[in-house]
Amino acid sequence: MEWYWALALLLGSILALMAIGMPVALAFLAANIAGAWFFMGGANGITLLLNNGFGSLTTFALVPIPLFLLMGEIFFYTGLGTRMFNAIDKLLGRLPGRLSYVTVIGGTGFSTLSGSSMGSTALLGSLMVPEMNKRGYKKHMSIGPILGTGGLAIIIPPSALAVLLATLAKIDVGALLLAGVIPGLMLAGLYVLLIYGQTRMDPDAAPAYEVETLTGREKLLQIVRDILPMMSVMVLTVAGMVGGIFTPSEAAAFGALGVLILAALFRCLTLEAIRKSVVGALRVTLMAYLIVFGSATFSQLLAFSGASRGLITWATGFDLEPLMMLAVMFGVLLILGMFMEQISMMLLTVPIFFPLAAQMGFDPVWFGLIMLLGLEISFTTPPFGLLLFVMKGVAPPDTTMREIYTAAFPFIGCTLVLVVILVIFPGLALWLPGL
Amino acid sequence: EDTLSAVHAFPETLIYTQSFLQFVDKVNERGAGVVQIQVRGGPEAIGMFQQPDAVRDGVVDMVYTPGSFYGGAVPEKDALVTSNMSAPEARAKGGLDLIDQIHQDKMGVKYLGWFDSGVCYNLWTRDEPQLDANGNLDVSGLKLRGNAVYNAFFTEYLGAQVIDLPTTDVYSALERGVVDATGWTQIGLIDLKWNEFLNYRIEPCFFSTDLGVIVNLNKWNSLSEESRAILTEVALEHEQSSYEALQAKRDEDFAALEAGGMKVVTLEGEAAANYLAEARNKTLERMKGLMAEQPGGDANYDTLVDLFYDASK
Amino acid sequence: MQSFRRAYDGVVTGMAVVAGLLLIWLMVAVIVSVAMRNFGMQPFAWLFTSTEYGLLYLTMLGAPWLVREKGHVHIELVTAALPEPMQRLVSRLVAGLCVLVCAILAWKGAELVNTNIARMDYDVRAYYTPKWLLTLAFPISFGVMAIEFARFTFGPRLLHSGEAGVHE
Ligand code: NA
Ligand code: NA
């Protein structure tokens, strides 16, 4: 079968199944059953599908997500989160959209250090979205920044995905990690500008409610009593990682433990709060992991059937100017990213893209960073973006998938702008590693 | 014309995969019009640890993988792991014929060839390794990364505090000091960039890589006589040439590492002998135990061990 | 019949409770193993392995309950445009398709368990774990999920809200 038929068959079936409202995980499983039957030699292909799901679920890398979720849910159900956000509200005064900025700053800090896009989205989503919803923020003002900063986890070091990319492409790991620092911070800056623009264009997007003005003494009290203790949990979690006491994958467990201890100290840790937190964390974990189970094989079917390889070789087979070729490669990443998970995409594209990039005269570190940005975008592009589904799970029940998709688009736009800036000023990426 | 679909366990850019792809190219060149191998990809096409079952079930016809990834089905792979011989030597002695027969009986696959042999494992550490009064390696202060291949040796003989980490996590674990020592093959450390953190290599090296090509047996039997002849012939050649290529690559890597400041600490005399003997014994004990549980039992244990070990070395 | 249904619902809830306990176990296992390491002890390798296997059991045991709770995310962007009676029909058909998918996987899962026992397959990590102990989760989970989806196909409740994406 020609690659384009395989591609059309696989993508067509998943799109059709999603469109008729089949649960996403089941849509993947259904498409996989058909695809496995077709491309992997009948019934044994379905057995492989189960074995693949087994392999993709039983990896330690997935442990942080439920635990970050648990951490966020405990923050929420014990009321610790509300206390902290009330205090931040008061401290920041009347700045429109203040919690959106807090999300960008806190999210950038947290997602980058944790290195886990899904974990960070899970934590921030369960922590911030309900609080901001309560305060009358429109959905896109809370969801968008979280989706945006979640992706930053892979750009700013530490980043497991960047290490893997550098290893696969045989480029300097340290250089690629350093190259992400300035562009990553710039991207966070673009997010801040975006929020400023969004609140200016639509003043109702973030509520302009009055908050009491505080004296310096009161401010200090708010900080010491309601913000510092909560922040200290986050800071200790990060410090433990940086200090080598635990790995980023293990950090989430200590974050959850820290919040439990804190809630006990503040005497708001009830059995009911724990039960609700576990149920909340469980719901999102189950939903996301059944999708992981199903989508693992879908990515593999795209590869095994030759569909994605065909697309890549076809698209890069034209005789093009370097900049056009870059656009083509980035476009391929965006298309694959709509349906595939990041590691599979890297394994597929690196062996073809990097030799091509070398031929075009691109700096490999710079090109690696551009690829990371493409992978970052794919976390949040419909229809398949794991962060989108995690967000759907943690957001208030009346949040629609359409709202989540539309909240993500402006932030995807920011990344595209950044890519253009990096093409014009490659030094922004290459200056730090060159020092 | 016969065609076989194939996948490889490791990513395409890894040196071992490149070696397999060279084998494929040779087959496709010599087998033009007779037999062709179509590579479908690596772990992105079928999960690394699912590949052995996939070839066994006929989802794919050929897989290039370490035997250690299917050690549950064929525990005899530890004969290769503990071997001190190269593939051509083991082939000449008849060891690989026995391994092929075991693969056919226990897993329904043809063991076509043992590639990239002759590469062994070293312990690599960040800080200068400490030796006790008798010259034995003292691991008490080490945070040693382990995995299924060498845990039997590390924990039971060395008494080390092993931290199980997937390969992809090791770079950041070294960076943060979560681990400060790991086992790894003689080559490949530079590709993984672990040499940014590791400064000492401990000699002697132990174990051997156990990468091989396995082919679904029904598929194998369905091939024409001529196709099987070509595949076998090229596999034998590649056993020799990949062995030689990796010996050269090892010398190159060692030179590059030493130029970059890697120091070598060598265990001497009895300490070295014990170290090697125990690496082997602990692993073979595991193999014998697993064999005993399986149909067929451990009857050919001694034969197997003899065929893969040159006591005169 | 009534009491049978209650007992069945209790089983599904019970599976979810086990999943919740496994989630807490993930936290405990990681903390214990890090603590041991930092106090210079050898962390039990089974702590690490138990978290990896825990993820599988957690997902598989909880998934049927989440079907009942309508917690598996789906997208109603397109179907919301259909007239109401059509929406109901599509909703039941989709649930029926889910039954089919789960039934196939339950059946193939049961076959896989049999194969694993017959071949004496092991999952090779720090330990050699009999594979069927793990794959057993598949026929159970997908079997119960098939029943839960069947209730949306034939029962009074619908899987979809039909509220133009308000209650996806
Ligand atoms: Na990061
Ligand atoms: Na996507």
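Phe207(B) is located in the loop that runs between S11 and strand S12 (211–216) of chain B. In this predicted model, the phi angle of Phe207(B) is near 60°, a positive value in a residue other than glycine. Most residues other than glycine have a negative phi, and most peptide bonds are trans. The relative accessibility of Phe207(B) is 8%, so this residue counts as buried, the cut-off for that class being under 20%.

Strand S11 of chain B also contains Pro204(B). The peptide bond that leads from Glu203(B) to Pro204(B) is cis, and its omega is near 5°.

## The disulfide of chain B

How many disulfides does the structure hold over all chains? There is one, and it is formed by Cys120(B) and Cys205(B), whose sulfur atoms are 2.0 Å apart. A disulfide is a covalent bond between the sulfur atoms of two cysteines. The link of Cys120(B) and Cys205(B) is left-handed, with -75° about the S-S bond.

Which parts of chain B does this pair tie together? Cys120(B) belongs to the loop between strand S4 (109–114) and strand S5 (121–125), whereas Cys205(B) belongs to strand S11 (residues 200–206), so the pair joins parts that are 85 residues apart in sequence. Cys120(B) has 10% relative accessibility and therefore counts as buried. Cys205(B), by contrast, has a relative accessible area of 21% and is partly exposed.

## Other cysteines

Cys102(C) takes part in no disulfide, and the nearest cysteine sulfur, that of Cys98(C), is 6.4 Å away. A disulfide requires sulfur atoms within 2.5 Å. Is Cys102(C) buried or exposed? Its relative accessibility is 0%, so Cys102(C) counts as buried. In chain A, Cys268(A) has a relative accessible area of 18% and is buried as well.

## Helices and annotated regions of chain C

The unreviewed UniProt entry places the feature "transmembrane region" at residues 12–32, 44–68, 89–110 and 130–150 of chain C. Over residues 12–32 of chain C, the model is 100% helix and 0% strand, with the end C-alpha atoms 30 Å apart. Residues 89–110 of chain C are likewise 100% helix and 0% strand, and here the end C-alpha atoms are 31 Å apart.

Helix H2 (residues 45–68) of chain C consists of 24 residues. From its first C-alpha to its last, H2(C) reaches 36 Å, which is close to the 34 Å expected at 1.5 Å a residue. Where does H2(C) bend? A bend of about 35° occurs at Gly62(C), and a proline, Pro64(C), follows within four residues. H2(C) is mostly covered, with 20 of its 24 residues buried. After H2(C) comes Lys70(C), whose phi is positive, near 55°.

## Further backbone features in chains A and C

Met120(C) has a phi near 50°, a positive value in a residue other than glycine. Met120(C) lies in the loop between helix H3 (84–119) and strand S1 (122–124) of chain C. With a relative accessible area of 31%, Met120(C) is partly exposed.

In chain A, the peptide bond from Pro382(A) to Pro383(A) is cis, and its omega is near -5°. Pro383(A) is found in the loop between helix H18 (364–378) and helix H19 (386–394) of chain A.

Key
Residues numbered from 1 in each chain as written. Chains lettered and ligands numbered in written order. Predicted model: local features only at pLDDT ≥ 70, side-chain atom pairs only at ≥ 80, totals over all residues. Heavy atoms only, no water. Helix = DSSP H or I, 4+ residues; strand = E, 2+ residues; numbered from the N terminus. Buried < 20%, exposed > 50% of the residue type's maximum accessible area, 1.4 Å probe, protein only. UniProt positions renumbered as here; feature names shortened; annotations may be inferred. Expected span 1.5 Å × (residues − 1). Bend = angle between axes of the 7 residues up to and from the residue.
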